[in-house]
Amino acid sequence: LPERELASPRPDPAVEVTTRMAVGEALAMVPVEQRIAVVLVDVQGYPVAEAAAILEVPVGTVKSRCARGRARLAVLLGHLREECR
Amino acid sequence: MNDRTPESRGPDDPADPDDLIGLAELDADLPDPAEAAAGRHDARADPRAAEVLDALAATRAELGAVEEPELPSAVAARWAAALAAEPALPQDDLRTAVRPARRRLFRRHLVVVAAAAAGVVGVVGAVGVLTPRPGPAPPPLAVSRVDLVAVATSTVGTMDVGALDDPARRAACLRAVLPGAVGERLLGGRRVVLDGRHGVLLVLATGTRGGLHVVTVDPECGPAGGALLAQVRVG
């Protein structure tokens with residue numbers, strides 16, 4: 001058989017799309033305030049203080065919303081078992 | 001977290017929801033330092049807690065790996081038309097418009113963030129409802145160099161860059177006139193007349209939060225080269 005080229009180090013686009021869809025679907029199931037906090041901090045990469053300024057809420061509120069959102073997402077994305085919801 | 005000891009649970013028991021929230025708050029740095037230190041100490045001794053913290057870390061990593069979807073050009077065009085339909089500010093008001101414009105940017109960003117979190121279809125649907133159909137392109141805005149920053153701030157979200165709407169052409173243009181800006185993300189742009197000379201103002205993200213790179217090039221800028229009319233970094 002001819003020697004195959006090494007696989008590209010770039011992730012499979014199908015996997016990327018599937019992952020994005022899964023994350024999008026999971027985020028849609030999270031309460032909107034938690035969703036916005038999680039998207040700002042975890043997806044968009046804003047520092048918590050900056051996210052708090054944008055949302056005009058205390059830093060602790062952003063942390064709390066992120067915590068609850070991530071906890072729910074951890075289950076929805078399969079990182080924790082269903083019983084944890 | 002509650003006061004159950006690690007020994008009271010088997011390795012296959014699911015985490016208690018209260019524990020999960022408590023650990024998520026610990027993971028998010030919510031408790032005060034003394035409480036957090038005690039919580040981390042407890043978590044280190046509890047394999048289930050460690051598993052939950054690992055799951056939360058994996059969740060954050062998965063969220064962080066999601067790339068933002070590209071804004072469809074049709075949506076960008078509708079935004080541009082909607083922003084162009086806003087009443088124009090006199091030149092003297094441009095500086096005072098910066099703060100409100102920044103707030104509008106944040107709010108606009110939030111709408112996109114919220115919609116993006118619900119899926120790209122949501123973005124298209126929401127913007128389609130909220131913005132009018134595209135009309136004729138507005139005339140180039142006459143600006144002077146001292147106004148560039150104020151104009152740039154209000155340009156974020158606008159996409160009226162003529163032929164530079166083509167990412168390949170834009171990259172080739174920047175490569176020719178300002179190689180250091182090639183990798184910078186376009187936040188907005190508009191056709192301008194800068195001190196009497198036609199150009200295209202591009203607002204680029206520097207990669208630093210709040211940082212902007214404002215670049216003005218000639219409208220014909222592309223693979224064959226072009227002219228850099230002005231550039232300024234903000235933040």
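Here is a short tour of a predicted model, stop by stop.

Start in chain A and select helix H2 (residues 32-43) together with helix H3 (residues 48-55). They pack at an angle of about 135 degrees, with axes 9 Å apart, which makes H2(A) oblique to H3(A). The crossing is right-handed. Now show side chains: H2(A) brings Ile36(A), Ala37(A), Leu40(A) and Val41(A) to the contact, and H3(A) brings Val48(A), Ala51(A), Ile54(A) and Leu55(A). By class, that's eight nonpolar residues, with no polar and no charged ones.

Pick Glu25(B) and Arg68(A), whose side chains meet at 3.8 Å, N to O. Glu25(B) is in helix H1 of chain B and Arg68(A) in helix H4 of chain A, so this pair joins two chains. Arg68(A) is partly exposed, at 37% relative accessible area.

Stay in chain B and select Arg191(B) with Asp160(B), a salt bridge with its closest N and O atoms 3.1 Å apart. Arg191(B) sits in strand E3 and Asp160(B) in strand E2, 31 residues apart. Is each partner buried or exposed? Asp160(B) is buried at 14%, while Arg191(B) is partly exposed at 23%. While you're on salt bridges, highlight Asp42(A), Arg70(A), Asp27(B) and Arg60(B): shared partners join them into one network.

Last stop: Cys221(B), in the loop between strands E5 and E6 of chain B. Its relative accessibility is 0%, so it counts as buried. Leaving aside neighbours within four places in sequence, Cys221(B) is in contact with Leu164(B), Arg169(B), Cys173(B), Val177(B) and Gly226(B). Leu164(B) is 57 residues away along the chain, yet the two C-alpha atoms are separated by 7.8 Å.

Terms used
Residues numbered from 1 in each chain as written. Chains lettered and ligands numbered in written order. Predicted model: local features only at pLDDT ≥ 70, side-chain atom pairs only at ≥ 80, totals over all residues. Heavy atoms only, no water. Axes fitted to C-alpha atoms, helices over the stretch in contact; angles between N-to-C directions. Helix = DSSP H or I, 4+ residues; strand = E, 2+ residues; numbered from the N terminus. Parallel < 35°, antiparallel > 145°, perpendicular 65-115°, else oblique. Left-handed = near helix turned anticlockwise from the far one by under 90°. Contact = heavy atoms within 4.5 Å. Nonpolar A, V, L, I, M, F, W, Y, C, P; charged D, E, K, R; others polar. Buried < 20%, exposed > 50% of the residue type's maximum accessible area, 1.4 Å probe, protein only. Salt bridge = Lys/Arg side-chain N within 4 Å of Asp/Glu carboxyl O.
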